[in-house]
Amino acid sequence: MKTLHIEDLNKIREKAQAALVLREQSDSASSEQSCGLACGAKHMQLLCCGGTGCKASSSHKIVENLQKALEANGVADKVEVVTTGCFGFCEKGPIVKVIPDNTFYTQVKPEDAEEIVKSHIIDGKRVERLLYVDPKTKQHVSDSKHMDFYRKQVRIALRNCGLIDPENIDEYIARDGYQGLAKCLLELKPEDVIDIVSQSGLRGRGGAGFPAGSKWKHALAAKAEKKYVVCNADEGDPGAFMDRSIMEGDPNSVVEAMAICGYATGSNYGLIYIRAEYPLAVSRLRVAIAQARKYGLLGKNILGSGFNFDIEIRYGAGAFVCGEATALVHSMEGKRGEPRMKPPHLTDLGYMGYPTNVNNVETLANVPIIMTKGAEWFASIGTEKSKGTKVFALAGKINNVGLIEVPMGTTLREIIYEIGGGVKDGKKFKAVQTGGPSGGCLTEKHLDIPIDYESLKEAGSMMGSGGMIVMDEDDCMVSVAKFYLDFTVNESCGKCTPCRIGNKRLYEILTRITEGKGTPEDLETLKRLSEVIKETSLCGLGQSSPNPVLSTLANFYEEYVEHVKQHKCRAKQCKALLTYAVMPDKCKGCGACKRGCPANAIMGDVRKPHVIDPYKCIRCGMCKSHCKFNAIHVS
Amino acid sequence: MAKEIKLACNVIEQVEAICDKYGNQPGELINVLHEAQSLHGYLPEEMQRIIARKLHIPVSKVYGVVTFYSFFTMTPKGKHPISVCLGTACYVRGSEGLLEEIKRVLNIEVGETTPDGKFSLDCLRCVGACGLAPVVTIGDKVYGRLQPKDIKKILDEVAAND
Amino acid sequence: MITLTIDRHVVVVPANTTILEAAKTVSVEIPTLCHIDLEGTCVKSNPASCRLCVVEVEGRGNLMPACATQCRQGMVVHTSSPRVLRARKTVAELILSDHPNDCLTCSKCSDCELQRLVRRLNCRVMPYNDGEHSLRKNEVTDAIVRDMNKCIYCRRCESVCNEVQSVGALGAVGRGFTTTIAPAFGKMLGETNCTYCGQCVAVCPVGALTERDYAEELIRDITSPDKIVIAQTAPAVRYALGEEFGLKPGASVTGKMVTALKDMGFDYVFDTDFGADMTIMEEGAEILDRLKKFLAGDKNVKLPIMTSCCPAWVNFFEHEYPDLREYPSTAKSPAQMFGAVAKTYWADKMGIPRDKLVVVSVMPCLAKKYECSRDEFKVNGNPDVDYSITTRELAALIRRSNINFDSLPDSDYDKPLGESTGAAAIFGTTGGVMEAALRTVYEEYMGKQLPRIEFDQVRGLEGFREATIDLDGFELKVCVVHTLSNARMVMDKLRAGELNYHVVEVMACPGGCIGGAGQPYHHGDSSVLRARQRAAYAEDAGKHLRKSHENPDIQKLYAEFLGKPLGEKAHHLLHTHYFDKTIH
């Protein structure tokens with residue numbers, strides 16, 4: 001293969017920029033005018049989200065239909081349909097964006113394709129019904145940059161997601177892709193690269209926030225004939241999907257970053273450990289690796305520098321604990337994914353006994369741009385100790401579910417009420433859970449703290465990988481703690497005693513409490529046991545597993561007390577503590593509840609008030625969801 | 001437990017070929033298991049024994065790995081594998097109720113297959129369609145924003161379309 | 001060197017020392033459970049998973065496991081601060097919450113490491129005991145009993161079965177709370193390549209893995225008026241049994257043991273050492289035979305010849321190397337030779353019909369229990385050795401028979417199957433069979449007396465040892481291995497045609513029979529094994545006769561009954577054949 005030189009890379013960039021300029025300009029332009037071919041547009045683009053979330057809503061079918069409609073209307077040569085990565089606004093997906101007027105269509109269905117092409121593309125008239133409606137002003141907003149969801153976001157790790165075609169390396173190159181690698185290989189010594197990473201203040205985005213530069217330094221110092229660079233893409237937090245979106249939307253940023261890391265740490269071998277449950281991310285990574293190889297951006301003598309680097313993909317197989325780096329390495333070695341004691345650190349003794357540097361996807365995605373824009377630029381964003389931005393998967397009882405990226409130091413209030421558009425259905429905010437099963441539940445009083453690694457830890461939670469779940473008054477905090485413990489019990493590898501048995505016991509106590517069988521002593525036991533599990537478990541999974549219990553005990557103690565003393569669940573979630581009854585004054589005797597009841601617990605004649613037999617009732621709530629007259633009372 | 005099933009000769013050859021492809025390296029066990037499972041949908045005992053022999057590792061190690069990872073299974077899945085997302089976003093939007101309802105309608109527990117082999121039930125953690133929460137997947141199709149009362153209708157439809 | 005503070009002590013240790021090891025040097029005994037390190041052997045398991053040895057290290061947020069945390073310069077360690085004690089007790093309580101707690105009737109009672117630990121930590125309540133127990137499969141084989149509900153998941157057994165023995169019959173199965181150690185596919189050990197070496201039992205800290213107890217059968221037979229019950233005691237039993245009665249490891253209690261067996265009601269008490277001398281006669285002759293053929297240019301002769309006394313080793317090569325099964329000697333183990341001779345030669349002499357004679361072997365071994373059940377060691381379904389009990393079972397039976405072992409007088413073995421030489425005495429240690437064989441082979445080959453009777457080259461505890469013996473210009477190359485992973489290494493080389501020895505000794509257990517799975521538990525203390533080894537050599541040194549072929553009763557046996565070594569009768573009674581037992 002012919003070696004690709006920097007001049008060749010720049011040529012590819014120039015050529016590809018022509019197509020991207022339109023998208024970049026339309027994003028920065030201030031014009032609100034819609035335009036179509038009729039209004040004189042020469043070239044248009046339709047960007048359609050091809051992320052997993054939107055694909056679940058048939059976005060691939062939308063692309064197909066758009067293409068067909070363009071052909072049927074004879075404009076296929078002037079309009080290009082591009083499948084991009086995730087736009088982030090999953091609540092409103094699938095998204096179709098029209099370039100150059102930057103119109104942002106939401107919740108598009110395959111059958112809308114025809115109308116978009118005819119009305120917008122050809123006639124230049126926006127399809128109003130598909131536009132986003134601002135919940136406050138009730139006005140249509142056509143350009144995403146004017147939406148609250150996007151206004152406060154700063155997209156660094158997600159810089160290319162929703163903008164470029166992730167299966168076309170040229171578009172990545174057009175966005176200065178591989179320039180960071182080129183700079184490292186051609187201008188910098190490995191030590192200099194590490195200095196830049198250190199100075200940028202970049203910290204691990206996967207959990208504890210260990211400074212990336214220090215890790216790289218350690219890996220570089222390790223003496224061995226072989227070293228490995230591993231990308232940890234075993235994202236397993238229930239409700240977190242930022243790593244997947246990056247790999248789906250901008251796989252080359254990960255590939256480039258791994259090559260940079262390889263150069264900086266003296267390694268020629270890269271491995272990506274990815275969940276087998278992420279087929280789309282896997283296939284996009286495969287395409288990216290293949291295209292990079294073809295250009296010579298992976299392989300031997302990259303950019304004529306003499307540096308060799310290549311990447312292989314390894315698959316996870318459904319074990320959350322494999323997100324822990326030592327377990328991950330065991331899994332890549334074909335073993336049970338059980339963690340081991342550190343030290344020895346992986347940077348000394350890792351994959352197959354060789355020094356191994358493990359970084360998470362989001363951490364890596366920040367690296368190329370740090371190289372091109374510089375450490376000072378990155379360090380200027382964020383807080384004193386936490387630099388840059390953080391991607392969060394915002395979900396739960398919130399209006400704008402989606403993937404967001406904000407500077408470190410943004411407050412929870414800004415995220416939930418501005419970006420997230422507040423709590424769904426006008427309910428009252430109760431808690432926000434961050435950090436997944438390792439994190440905790442924060443309350444109203446934490447909403448104004450600027451979030452970074454330290455402040456979240458201090459508040460009893462953690463950054464984790466970036467799941468952020470909003471809960472409202474209908475969520476029972478004891479049940480939430482139980483939910484996370486159920487997860488931990490299922491995912492504990494079972495190696496060490498505190499995690500294997502301790503978490504099981506925590507789960508049992510929580511179950512007892514939600515069934516109204518708890519005692520005040522149970523609350524003491526929960527706390528004591530949680531503390532011991534935290535301080536004695538072998539790996540990070542066990543050491544953080546009691547956090548959901550401890551944080552809910554700290555912040556919602558009165559709810560626990562209500563459960564054990566009054567046998568009451570204020571959120572009406574704990575079935576065993578509920579009674580379902582028909583309110584005779586509201587019941588019309590339609591029989592819907594009776595037909596819907598799986599336990600045959602409802603009796604009553606037509607047009608006469610019905611009655612629920614409390615002994616037969618299994619408290620499934622089916623009657624309530626079937627009743628059209630709001631006649632089922634839960635107490 | 002998996003029944004004693006004799007594998008067809010060509011399946012044995014295929015499994016051996018997969019092992020050869022990975023150089024019969026013990027470190028490739030998980031890759032081999034992934035491919036072998038995709039051949040057959042599950043990993044019966046005989047298949048694991050072939051892999052152990054080819055990779056020169058005790059069969060107890062292979063079995064230990066298969067039983068450690070939830071992605072690997074020793075029982076055939078139903079024709080329509082159902083997965084209920086129990087990610088946090090789906091959980092707070094009521095996926096537990098969906099799971100209960102599916103269990104009730106099909107009369108099977110998580111990890112089981114209906115006697116007619118049509119449906120099998122599993123849980124998973126986050127399909128990443130949090131905007132559609134709560135989510136259930138049946139085969140490749142994703143059903144979002146569901147309520148327990150929708151379950152019966154959907155299952156009936158899937159069964160009817162066979 | 002590193003200086004650190006542990007409790008009130010300033011400790012100076014070399015780099016790479018763990019806190020646990022450093023603490024020991026200043027008499028601070030940190031409790032452990034999963035950790036085991038039989039120093040000097042390859043038996044080591046250190047998963048750092050039980051978390052009972054946690055200590056407080058100043059400056060570290062979490063508690064650290066002493067067994068796996070290395071000392072650092074200036075470290076300040078607290079091994080029994082209130083925080084540590086609370087955590088340690090809670091962890092112990094958690095283990096108890098998933099343990100049957102039927103200590104009173106558990107066979108491991110008073111020998112259980114968990115029990116000892118719980119007493120030490122002063123656990124008086126079981127606060128988590130209303131929770132679910134992980135239900136696991138139980139199994140009774142001819143040799144090993146698995147009561148996996150008692151398993152505390154220390155994984156020592158998995159570690160010895162895989163790392164030390166390279167058998168891999170046991171492995172971790174499943175994940176989380178219900179994880180267990182078991183054979184694949186929920187199979188029984190009997191359906192796997194388990195060799196019944198029993199090392200899993202030897203290291204199990206609790207009652208999850210124990211030996212199959214034949215006490216009831218034994219008592220039934222001893223008390224039955226129409227049975228003649230005879231005992232044979234293996235070489236390694238006599239200097240380990242005393243440990244069960246509070247004596248120091250290595251104390252030789254041969255005379256007391258014989259008295260005790262007689263007091264218990266055995267009609268005759270004989271010595272497996274007699275069988276060992278017989279083994280040397282046969283195996284020695286076989287070595288010479290193959291060597292002569294080899295020197296005569298016979299290309300088909302199978303060399304090296306390998307010892308075959310160890311039944312776990314026999315199981316191992318039948319499972320894993322059936323293609324090489326013509327290499328090991330065909331000589332039966334001493335216990336089986338003894339049984340075959342007792343039920344023919346001796347029984348005929350005494351006029352005891354075979355079905356009335358019960359031969360019980362007292363062995364340091366669990367595989368011997370399985371060996372008794374082999375069909376080729378039976379005549380019309382009647383086994384040559386009816387059953388085998390371990391050193392530990394014998395101790396339990398002595399206690400049960402109201403015998404005060406300490407104050408027993410000495411007795412001698414009965415004749416004629418009780419006479420033995422020093423060569424037989426060392427059969428119980430790694431290198432012993434080789435040395436015993438060399439003594440006889442040398443004199444037979446050279447036709448002259450050994451100048452020095454000890455072969456120090458083959459002694460020791462290293463897993464692999466080799467020596468070259470000068471036989472008047474012919475260099476006899478021998479090697480000695482113990483543990484099956486070392487045996488595997490040798491067999492792999494043999495299979496590859498890269499093994500250049502004439503004689504190889506293999507014993508499955510670490511240290512040989514002195515570390516056998518039926519011996520009193522060593523609890524991870526390798527000084528116990530060393531003391532037993534020293535005792536074996538001392539016993540040999542103190543013997544009047546030290547070469548098997550000098551045993552007068554052996555000479556008489558051949559003259560009266562067997563004829564020549566490798567002769568027809570000897571072949572029929574004292575030799576066996578091996579099978580292809582590959583598990584498919």
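User: In the predicted model, how many helices and how many strands does chain B have?
Analyst: Read from the N terminus on, the elements of chain B follow the order α-α-α-α-β-α-α-β-β-β-α. The C-alpha atoms of this chain fill a box of roughly 50 × 30 × 20 Å along the principal axes. The count for chain B is seven helices and four strands.

User: What percentage of the 162 residues in chain B is buried?
Analyst: A residue counts as buried if 20 or more other C-beta atoms lie within 10 Å of its own. Among the contacts of chain B between residues at least 6 apart in sequence, 62% join residues at least 24 apart. The buried share of the 162 residues in chain B is 48%.

User: Which helix gives the largest share of the side of chain B that touches chain C?
Analyst: In this interface, 10 residues of chain B are in contact with 12 residues of chain C. On the chain B side there are five nonpolar, three polar and two charged residues. Seven residues of that side, its largest share, come from residues 59–68 of chain B, that is, from helix H4.

User: Which elements of chain B give two or more residues to the side that touches chain A?
Analyst: Here 38 residues of chain B are in contact with 45 residues of chain A. The chain B side divides into 21 nonpolar, 12 polar and five charged residues. The elements of chain B that each contribute two or more residues to it are helix H2 (29–40), H4, helix H5 (88–92), helix H6 (95–106) and helix H7 (148–160).

User: Why is one side of strand S14 and of strand S19 in chain C left without a neighbour in the sheet?
Analyst: The sheet is an open one of four strands, in the order S14-S13-S16-S19 of chain C, with parallel pairing. The twist in this sheet averages 25° from one strand to the next. Strand S14 (268–271) and strand S19 (387–390) of chain C leave one side without a neighbour because they stand at the edges, each with a single partner strand.

User: Which residue in S19(C) is the bridge partner of Val360(C)?
Analyst: Strand S16 of chain C, residues 357–363, runs parallel to S19(C) and is joined to it by four bridges. In the bridge that involves Val360(C), the partner in S19(C) is Tyr387(C).

User: What angle does the direction of helix H12 of chain C make with that of S19(C)?
Analyst: Helix H10 (residues 334–350) of chain C packs on the sheet and touches S13 and S16 of chain C, its direction making about 155° with that of S16(C). Helix H12 (residues 391–400) of chain C also packs on the sheet, where it touches S16 and S19 of chain C. The direction of H12 of chain C makes an angle with that of S19(C) of about 80°.

User: Are H20(A) and H2(C) roughly parallel or roughly perpendicular to each other?
Analyst: Helix H20 (residues 520–536) of chain A and helix H2 (residues 82–97) of chain C pack with their axes 10 Å apart, at an angle of about 100°. Their contact involves Leu529(A), Val532(A), Glu535(A) and Thr536(A) on one helix and Ala87(C), Thr90(C) and Val91(C) on the other, a set that divides into four nonpolar, two polar and one charged. Because angles of 65 to 115 degrees count as roughly perpendicular, H20(A) and H2(C) are roughly perpendicular.

Terms used: Residues numbered from 1 in each chain as written. Chains lettered and ligands numbered in written order. Predicted model: local features only at pLDDT ≥ 70, side-chain atom pairs only at ≥ 80, totals over all residues. Contact = placed C-beta atoms within 7 Å. Nonpolar A, V, L, I, M, F, W, Y, C, P; charged D, E, K, R; others polar. Buried ≥ 20, exposed ≤ 12 C-beta atoms within 10 Å, placed from the backbone. Pairing = 2+ DSSP bridges. Axes fitted to C-alpha atoms, helices over the stretch in contact; angles between N-to-C directions. Parallel < 35°, antiparallel > 145°, perpendicular 65-115°, else oblique.
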